[in-house]
Amino acid sequence: MKTIIIGGTAAGTSAAVKVQKMAEAPEVVIYEKGELVSFGACGLPYFVGDFFTDQNKMIARSKEAFEKQGITIQLHHEVTAVDTVAKKVTVKNLETGEEFSDSYDKLMIASGSRVIMPPVDRVDFDNLFTLKTMADGIKVKAALEDPAVKNVTVVGGGFIGIEFTEALLHQGKSVRIIQLDDRLMKDSFDEEFTELLENKMAKAAVDVRVGEAVTGFEGKTHIDAVVTNKGRYETDLVLVAIGVRPANDFLGAEFAKLKNGALIVDEQGRTNVSDVWAAGDNATVKHQVTGEDKYFPLATGANKLGRIAGESIAGGEVNYPGTLGTSGVKFTDLELARTGLTEADAKNLGLNYKAIVIDDKNQTDYYPGQKDIRVKLVYEKETRRLLGGQIGGEKGAALRIDVLAAAIAAKMTTADLGMLDLMYAPPFARTWDVLNIAGNVAK
């Protein structure tokens with residue numbers, strides 16, 4: 001059985017390993033258009049910010065390690081078309097320009113995503129960057145070493161934009177962040193938590209401009225200023241981080257997709273096309289609370305659904321339980337984390353819900369290091385079943401979200417959370433942890 005996998009990052013390599021281990025007489029070929037496989041792009045902001053210097057730490061497994069396992073990897077090879085009737089792919093060797101076709105029995109599409117650029121006339125400037133590949137990270141890092149680069153503009157207030165802003169501060173740069181929405185991270189957090197972030201940015205002297213649309217860049221080969229619908233801002237360097245779209249443009253109309261182009265898949269990663277699977281930033285995942293097909297371009301879901309897709313390709317019957325979109329972000333000493341539905345999600349879905357917010361402390365007051373912590377719970381009004389949660393604070397805040405993720409997955413109620421036997425020790429928590437208190441308040 002020959003399996004072709006398009007894309008060699010999280011989902012693709014996870015699937016490849018499972019097929020190679022489980023299938024009978026497997027032949028697995030990965031076509032990857034980039035220069036690396038098994039690359040963890042989540043580390044890029046911290047590499048750029050000099051939190052670590054060895055770029056190879058972002059590579060989970062080398063090409064040679066996969067090849068020792070019997071998996072064929074073709075780097076700098078882009079799949080440009082798929083014929084699902086003849087079961088063939090068209091491949092372009094990006095180094096030589098040669099094109100050829102290859103046949104498959106099973107196909108896994110893990111083509112990932114591409115960055116979204118602002119709708120402006122030009123983006124071909126030598127000081128305009130994105131942050132998605134290893135090459136991107138190396139170029140940005142080198143550009144920031146120029147002492148003439150003092151003022152940096154970040155376009156986009158999502159996860160990458162926030163993380164890159166922290167990286168720039170770590171490099172001693174002055175930063176302006178421009179966000180189209182009326183607040184930062186609006187798609188991921190409710191207002192009570194983006195407020196914490198924007199306050200922290202103000203203390204760090206970051207110039208936050210929300211509710212502004214970038215309309216153009218001034219300069220010839222080099223951007224001298226960013227122009228928005230509300231102003232003009234001189235800058236030495238620009239990073240665009242306004243989001244990603246699924247990289248599925250090479251696929252035909254026979255594939256079922258969301259409006260944004262993400263391939264719709266089932267709990268085993270199967271598409272609607274026979275013998276074709278998909279996972280990662282180019283595909284949907286099932287939301288564990290609503291059962292809806294959602295687009296969550298997160299490494300955790302990519303790895304998990306990729307692994308399950310590989311099992312399915314090899315004949316297994318394991319189902320992915322779904323995602324809660326559990327994620328977090330750090331800015332200086334502030335930690336934010338979320339899981340399940342936000343209040344905005346619940347409202348948009350028309351659910352009969354309630355929500356509470358509490359402000360408490362992360363640990364006992366007599367042990368050094370006590371910090372404020374904020375928790376929000378979203379839950380069903382009638383049953384009090386947990387639907388979502390958000391946490392903001394400093395020391396020890398973000399990882400508490402894992403308790404809420406487990407509680408939502410287990411269909412626990414706020415009453416269950418209130419009496420959950422959570423760890424107590426003065427350096428880590430109070431006798432009634434903040435999550436217990438939140439559960440008891442949520443009536």
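Is Phe125 buried or exposed, and what is its relative accessibility? Phe125 counts as buried, at 8% relative accessibility (buried is under 20% relative accessible area, exposed over 50%, partly exposed in between, with a 1.4 Å probe and protein chains only).

The model is predicted: local features need pLDDT of at least 70, side-chain atom pairs count only at pLDDT 80 or more, and totals for chains, interfaces and linings use all residues. Residues are numbered from 1 along each chain as its sequence is written, and side-chain values use heavy atoms, with hydrogens and water left out.

**View A. The aromatic pair of Phe125 and Phe217.** The whole structure holds 4 aromatic pairs (ring centres of Phe, Tyr or the six-membered ring of Trp within 6.5 Å; planes under 30 degrees apart are stacked, over 60 edge-to-face, the rest tilted). In one of them, Phe125 and Phe217 have ring centres 6.1 Å apart and planes at 75°, so the pair is edge-to-face. Phe125 is in the loop between strand E8 (113–115) and strand E9 (128–129) and Phe217 in strand E13 (residues 214–218), so the pair ties together parts 92 residues apart in sequence. Strands (E, at least two residues) and helices (H or I, at least four) are DSSP runs numbered from the N terminus. Phe217 is buried, at 12% relative accessible area.

**View B. Charges over the rings of Phe66 and Phe47.** Arg61 lies over the face of Phe66, 4.9 Å from the ring centre. The charged end of Lys141 sits over the ring of Phe47, 4.5 Å from its centre. The criterion is NZ of Lys or CZ of Arg within 6 Å of the ring centre and within 35 degrees of the ring normal.

**View C. The loop position of Tyr424.** Tyr424 is located between helix H10 (414–418) and helix H11 (434–441). With a relative accessible area of 37%, Tyr424 is partly exposed.
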